[in-house]
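Good morning, everyone, and thank you for making time for this short talk.

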Amino acid sequence: MRIALLLLCLIAFAFRPDKPAYRLYSPELKSQTYAKLLRQATGADVVLFGELHNNPICHWLELQLTKDLQVAKKGTLILGAEMFEADNQTALTDYVTGHTTSKELAAQARLWPNFDTDYMPIASFAREQKIPFVATNVPRKYATLVARKGLSALDTLSAEAKRQMAPLPLTVDLTLPGYKAMLDMMGTHGGTETKTDAHKANPEQAERSPAANFARAQAIKDATMAYFILQNLKPGQTLLHFNGDYHSKNFEGIVWYLRQQRPDIKVVTLSSVEMADPDKPKVESPNLANFILAIPADMTKTY
């Protein structure tokens, strides 16, 4: 009898009664509910959903939040996404307003390889519900140009090209922790002259380094996404924006640029983090986001 009881105890400890696909936490790592996320998102001007691009839980929850916000906002919801670049706005608008087909969208816009599985459900829902959808990202060729030649290279572009990005000249604060971490990472692992010691010894050289230009390329994306969010947001509306987690975690990136223009804007952020055990959360910083989406590290990937 004792042996049988012992075996039952071992089984109980070895196997959980539930295997959650995700957990939600506050910045202090206290358990939160989806209902609270929805409530705060409904009252926000901008909701930045920081996703992991290949994570199915992120994409599923993005769709659920879109559906529930559409009900809660009663027609005052707007969508926006890093995955659509500003010069593809016409193609995206034509699709969500029902003027073109999905095949025409694919032919007219530069869609991500995982669009059909990960973003098409949201675009289709926007089409069904007639929800405006904003292509917020800078065209990738201009971000690449900045990475190669620096921000000054944008000065040579046409007026039409400049309308597809945040207004120039662009302020980039490379001392912000996110950009600084990028510089330090590339200096340590990228084989460039941007090692931390080099930054301290010769800051002017570091400012002109390839790593600094790479960080500026990220900044033109962040600034442009913030710019088009504000350009399309009207009082009383909520804009739900989908972007890679890097672009909004720690309340930097897009958030920083939003608040440069509108210090009083109400922003809710969600940061997605894969963890070995979502029931025992650990994060890299104490102020990651308003909501932390904890996902099992062995979750299957979409690519």
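This is a predicted model: local features need pLDDT of at least 70, side-chain atom pairs count only at pLDDT 80 or more; totals for chains, interfaces and linings use all residues.

Residues are numbered from 1 along each chain as its sequence is written, and side-chain values use heavy atoms, with hydrogens and water left out.

Let me start with the sheet. Helices (H or I, at least four residues) and strands (E, at least two) are DSSP runs, numbered from the N terminus, and two strands pair if DSSP finds at least two bridges between them. The sheet here is open, with eight strands in the order β2-β1-β8-β7-β3-β6-β4-β5 and mixed pairing. At its edges stand β2 (31–32) and β5 (133–137), each with a single partner strand, so one side of each has no neighbour in the sheet. Strand β4, residues 77–85, runs parallel to β5 and is joined to it by four bridges, and Glu85 stands opposite Asn137 in β5.

Now to the helices, where contact means heavy atoms within 4.5 Å, and where axes are lines fitted to C-alpha atoms, for helices over the stretch in contact, with angles from 0 to 180 degrees between N-to-C directions. Helix α2 (residues 34–42) lies across β1, β2, β3, β6, β7 and β8, and runs at about 140° to β8. Helix α12 (residues 210–232) lies across β3, β4, β5 and β6, at about 155° to β5.

What lines the largest cavity? A cavity is a set of points, on a 1 Å grid over the protein atoms alone, where a 1.4 Å probe fits but cannot get out, and lining residues have an atom within 4 Å of a point. The largest cavity is lined by Ala81, Met83, Phe84, Tyr119, Ile122, Phe133 and Phe242, and β4 gives the most to this lining, with three residues.

Next comes a charged pair. A search of the whole structure finds nine salt bridges, each being a side-chain nitrogen of Lys or Arg within 4 Å of a carboxyl oxygen of Asp or Glu. In one of them Arg23 pairs with Asp279, the closest N and O atoms being 2.8 Å apart. This pair links distant parts of the chain, with Arg23 in strand β1 and Asp279 in the loop between β7 and β8, 256 residues apart.

Finally, the backbone. The peptide bond from Leu168 to Pro169 is cis, with omega near 0°, and Pro169 is found in the loop between α8 (159–162) and α9 (177–189). Lys74, although not a glycine, has a positive phi of about 50°, and Lys74 sits in the loop between α3 (56–73) and β4.

Technical notes: On a 1 Å grid over the protein atoms alone, a cavity is a set of points where a 1.4 Å probe fits but cannot get out, and a pocket is an open set with protein on both sides within 12 Å along at least five of seven lines; lining residues have an atom within 4 Å of a point.
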